[in-house]
Amino acid sequence: MLYESTRGGTERVSFAEAVKRGIAPNGGLYVPTEEVYFDSLDLASMATLSYKDLACEILKHFAGDFTEQQIRECVERAYSDEHFPEGIAPISKLSSNLSVLELWHGPTCAFKDMALQILPEFLSKSREITKESDEIVILTATSGDTGKAALEGFRDVEGTRIIVYYPVDGVSEMQKRQMITQEGKNVSVLAVEGNFDDAQTGVKRIFTNQDFAALCKTAGYKLSSANSINWGRLLPQIIYYFHAYFSLVQQEEISLGTKINFVVPTGNFGNILAAYYARKCGLPVNKIICAANSNNVVADFMSTGTYDRNRPFHTTISPAMDILISSNLERLLYDVTGRDAETVRDCMASLQAQGCYSVDKKTINSINNIFWASSASETQTEDTIRSVYEQYHYLVDPHTAVGVDVYDKYVISTGDMTKTVAVSTASPFKFNKSVVEALLGQEAVAAQTEFELLTALSQHTDWEVPTPLQDLDKKEILHKDVCQPKEMMARVATILDLPQEEKKG
Ligand SMILES: *Cc1c(COP(=O)(O)O)cnc(C)c1O
């Protein structure tokens, strides 16, 4: 299987090369050039596989330059019992029509672990396969969840280093503590004075500085990114859609071949795009329901055919979805236009220049045949956290609550009673302040630290605090450095011990 860029060009690269590069040289995203399709006989033979065996089965079709042995090693390391002690992707039934797929049982309690545990393994093997001698340096600016998940994934992975920048004013107490206590020989964590955009802009400036890239190269380093534009991050997410489906078959909720819906809380459009690919690979999926918070740029696109990021940015209680540029939509556009790289290039150029683009009727119709989209306000999100708890004694985090709220809107609007899986993207304890406030009111969170609230939430609900979040406030703080945005490049130079005179950045 080879990969090509959504913005055209004749170059096709292997899986290993696509993973190593992250993004295509012409700015496009890598997509598979061939269809992978599992027919009903294939599905029947996959239906009883364990998560790891299923992962190997699916991955081998997309990573043909890896041996089955290499794929197996990646999978065994990533999805070990040590990383996922309570099971990898358990599914909980809420009602006769709605089940929840819990993707937060990994080391950082958010769904990003599902991909960021295995991406470093792919990268490490890709270095071997392509005989890469340079060390890969991952640079990431984070608004919270990605940074910690990337740190956990890359810690002590051979041939890689990771540097994470987080904005001083942009992450929760819990998220910050998760990062500054990070262990590992190859990890660095830096606070940046400013907000997420400052950190993100700083990282982009480092990536696009050719002199700096050359300097790194001379010293034996290659810069790369762990962002969801990397195909190596998207691919592992396809697996859990299959696994969820087969879990419902095993629980006798459905029989093999019955179509189901998925509802996915959406930010950068990565998670939901994996659902689209799963459907394309032959998984019996009816509708994929796209759930946005008040930053509902994608939901608006699906109803109007115009993507317009020129709008106010809202800071919400589901911060991982506070995004106005959903990068992975580019892959969907490419696919539904029948691989029309010219259209994609035009749209992306227009997005860059005017902040918006429009697609034709045919394109938006084919998207709407598969997707249904809506959004949840802050109040609706809080109400959903409360009502799900009252109705089912089940706790959802604010991101998952956005999904459940939009699912309710979908049922009211369409009357569709198809069995649906709501994808749950974070442990409720990771966003405990918003959860406690929704359940118990503002007074309950006043003057309490997030660490105190962990206990409060646990006592109120009888749910256990996830192990990775326990005693976080007692762990040793290992990363204390704070820098100005303009110092970010110099810090990389210091960390990598690059020649002195270029450090001024
Ligand atoms: C990243 C994230 C999302 C959004 O996922 P995308 O793949 O960017 O659409 C939703 N919920 C949580 C908790 C996340 O960390």
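Analyst: Let's start with residue classes: Ala, Val, Leu, Ile, Met, Phe, Trp, Tyr, Cys and Pro count as nonpolar, Asp, Glu, Lys and Arg as charged, and the others, Gly among them, as polar. By that rule, the shell around the ligand holds five nonpolar, seven polar and two charged residues. This model is predicted, with local features needing pLDDT of at least 70 and side-chain atom pairs pLDDT 80 or more, while totals for chains, interfaces and linings use all residues. Residues are numbered from 1 along each chain as its sequence is written, and side-chain values use heavy atoms, without hydrogens and water.

User: Which residues of that shell come nearest to the ligand?

Analyst: Of the 14 residues around the ligand, the nearest are Lys112, Asp145, Gly267, Asn268 and Thr425.

User: Why is Ser350 called buried?

Analyst: Ser350 has a relative accessible area of 19%. Buried means under 20%, exposed over 50%, and partly exposed in between (1.4 Å probe, protein chains only), so Ser350 counts as buried. Ser350 lies in helix 15.

User: What is Arg339 called on that scale?

Analyst: With 30%, Arg339 is partly exposed. You will find Arg339 in the loop between helix 14 (329-336) and helix 15 (341-354). Phi of Arg339 is near 65°, a positive value in a residue other than glycine. Phe269 also has a positive phi, near 70°, but Phe269 is buried at 1%.

User: How do you know that the buried residues of helix 4 line one face?

Analyst: In helix 4 (residues 68-78), the buried residues are Gln70, Ile71, Cys74, Val75 and Ala78. Seen down the helix axis, they fall within an arc of 135°, so they line one face; the arc uses the directions from the axis to the C-beta atoms. The face turned away from the buried side carries the exposed residues Glu68 and Gln69. Helices (H or I, at least four residues) and strands (E, at least two) are DSSP runs, numbered from the N terminus. The buried residues of helix 4 pack against helix 3 (51-62) and helix 6 (119-129).

User: Which residues does Lys430 touch, beyond those up to four places away in sequence?

Analyst: Lys430 touches Thr108, Cys109, Ala110, Asp145, Met174, Gln175, Gln178 and Leu469, where contact means heavy atoms within 4.5 Å. Lys430 is buried at 1%, in the loop between strand 14 (420-424) and helix 19 (432-440).

User: How do you know that a polar contact joins the side chains of Lys430 and Gln178?

Analyst: That pair is 3.3 Å apart, which is within the polar-contact limit given above. A polar atom of the Lys430 side chain also lies 3.1 Å from the backbone oxygen of Thr108.

Key:
A residue is near a molecule or strand if one of its heavy atoms lies within 4 Å of it. A polar contact is a pair of N or O atoms within 3.5 Å; within protein, one must be able to donate a hydrogen and the other to accept it, and residues adjacent in sequence count only if both atoms are side-chain atoms.
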